[in-house]
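I opened a new model today and kept notes as I went. Here is the structure, followed by my entries.

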Amino acid sequence: MNGLAWMFGAVSLVGAGAVALADPVEDTLVLNGETEIVTRTAAPEHLDGVFDEVISGWLYREDETRVMQADDFDNPGMIFAELARDAWSVAEGSEGKSCADCHGEPEDMAEVRPHYPKWNEEAGEVRTLEMQINACREDQMGAEPWKYNGGDMVNMTALLSSVSRGLPVSVAIDGPAQSTWEQGKEMYYTRYGQLELACANCHEDNNGRMIRADHLSQGHINGFPTYRLKNTKLNAVQDRFKGCVRDTRAETFAPGSPEFVALELYVASRGNGLSVEGPSVRN
């Protein structure tokens, strides 16, 4: 999600002439010269009538930002993924277990990230990757849960995303997950705050437009967690949701709340078919 939603609301009050059109670039993302990333593909069926094609936010960024993501040595987000790799084999909690004890090497988890958020049958709920990590910590390791959007958590999601790069996002929205998905869809089109803006106002109605120095993307989250040059840190997806709602001048929801879990499921599904990119680099 783009944190400049409030700017569009403000600009719209002074006239559309302040907003310029700028198409996403034509470029190909190949990580480290070997892993080709799908950055544009046919839109999933549930976006029929919305988009014919879904486009990664990477194609809306400036040349230097795109280049930075293409090489792990230049991508500052990979520093945080490596911190999580160091923690992967560290035993914690009353059970004296590490992530490696159950899951092997991080690369053995490559098929995990593309499918989250997902329905967990045993828990009877849709879980984000963060929720599943904390369930493992508490139930399998006997360890304290991490803060939902804390440093340890965002580092671990970066690691799990990094080993999935190049695989297509494939989030299931049918069956028992459908009601949560419907809730997220309703939120996506609901106007919030004093500016009365919905996610769709920026990422559907105005994607491709330039607002000041920023370029509104379609708002896909296949690149999260994302290293933002603006705040020089790795950012979790629900922190970005929180910032967007706040920028409409509304009371926002908490990361990990049922509302944001539903919104994440819906927004993730809009990017089905794009490659996992995280940790990506954005403005």
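**Entry 1: a proline in a loop**

I started with proline 279, which sits in the loop between α10 and β12 (280-282). Helices here are DSSP runs of H or I with at least four residues, strands are runs of E with at least two, and both are numbered from the N terminus. The peptide bond from glycine 278 to proline 279 is cis, with omega near 0 degrees.

A note on what I am looking at: this is a predicted model, where local features need pLDDT of at least 70, side-chain atom pairs count only at pLDDT 80 or more, and totals for chains, interfaces and linings use all residues. Residues are numbered from 1 along each chain as its sequence is written, and side-chain values use heavy atoms, with hydrogens and water left out.

I also looked up proline 225, which lies in the loop between β9 (214-215) and β10 (226-228). A cis peptide bond joins phenylalanine 224 to proline 225, and its omega is about -5 degrees.

**Entry 2: positive phi**

Next I checked backbone angles. Asparagine 32 is not a glycine, yet its phi is positive, near 55 degrees. I found asparagine 32 in the loop between β2 (29-31) and β3 (35-37). Asparagine 32 has a relative accessible area of 34%, so it is partly exposed. The cut-offs: buried is under 20% relative accessible area, exposed is over 50%, and partly exposed is in between, using a 1.4 Å probe and protein chains only.

Arginine 249 also has a positive phi without being glycine, near 65 degrees. Arginine 249 lies in the loop between α9 (237-247) and α10.

**Entry 3: leucine 31**

I then went to leucine 31, in strand β2. Is leucine 31 buried or exposed? Its relative accessible area is 2%, so leucine 31 is buried. Setting aside neighbours within four places in sequence, I see leucine 31 in contact with Ile37, Gln69, Ala70 and Arg165. Contact means heavy atoms within 4.5 Å.

I also looked at leucine 31 and glycine 219: they are 188 residues apart along the chain, and their C-alpha atoms are separated by 21 Å.

**Entry 4: tyrosine 266 and its surroundings**

Tyrosine 266 is in helix α10 (residues 258-270). I noted a relative accessible area of 2% for tyrosine 266, which means that it is buried. Not counting residues up to four places away in sequence, tyrosine 266 touches Leu47, Trp181, Gly184, Lys185, Tyr188 and Tyr189. How far apart in space are tyrosine 266 and tyrosine 188? They are 8.0 Å apart, C-alpha to C-alpha, and 78 residues apart in sequence.

I searched the whole structure for aromatic pairs and got 7. One is tyrosine 188 with tyrosine 189, an edge-to-face pair at 5.3 Å centre to centre with 70 degrees between the planes. Rings of Phe, Tyr and Trp (its six-membered ring) pair if their centres lie within 6.5 Å; planes under 30 degrees apart are stacked, over 60 edge-to-face, and the rest tilted. Tyrosine 188 has 0% relative accessibility, so it counts as buried. Tyrosine 189 is at 36%, so it counts as partly exposed. Trp181, Tyr188, Tyr189 and Tyr266 form one aromatic cluster.

I followed α10 to its contact with helix α7 (residues 178-188), where the axes come within 7 Å and cross at roughly 90 degrees. That makes α7 roughly perpendicular to α10. Axes are lines fitted to C-alpha atoms, for helices over the stretch in contact, and angles run from 0 to 180 degrees between N-to-C directions. Angles under 35 degrees are roughly parallel, over 145 roughly antiparallel, 65 to 115 roughly perpendicular, and the rest oblique.

Among the residues that meet here are Trp181 and Tyr188 in α7, and Leu263 and Tyr266 in α10. By class, the contact of α7 with α10 has 9 nonpolar, 4 polar and 3 charged residues. Ala, Val, Leu, Ile, Met, Phe, Trp, Tyr, Cys and Pro count as nonpolar, Asp, Glu, Lys and Arg as charged, and the others, Gly among them, as polar.

Last, I looked at helix α5 (residues 129-140) and α6, which pack at an angle of about 110 degrees with their axes 10 Å apart. That makes α5 roughly perpendicular to α6. Leu129, Glu130, Ile133 and Asn134 of α5 make the contact with Met153, Met156, Thr157 and Leu160 of α6.
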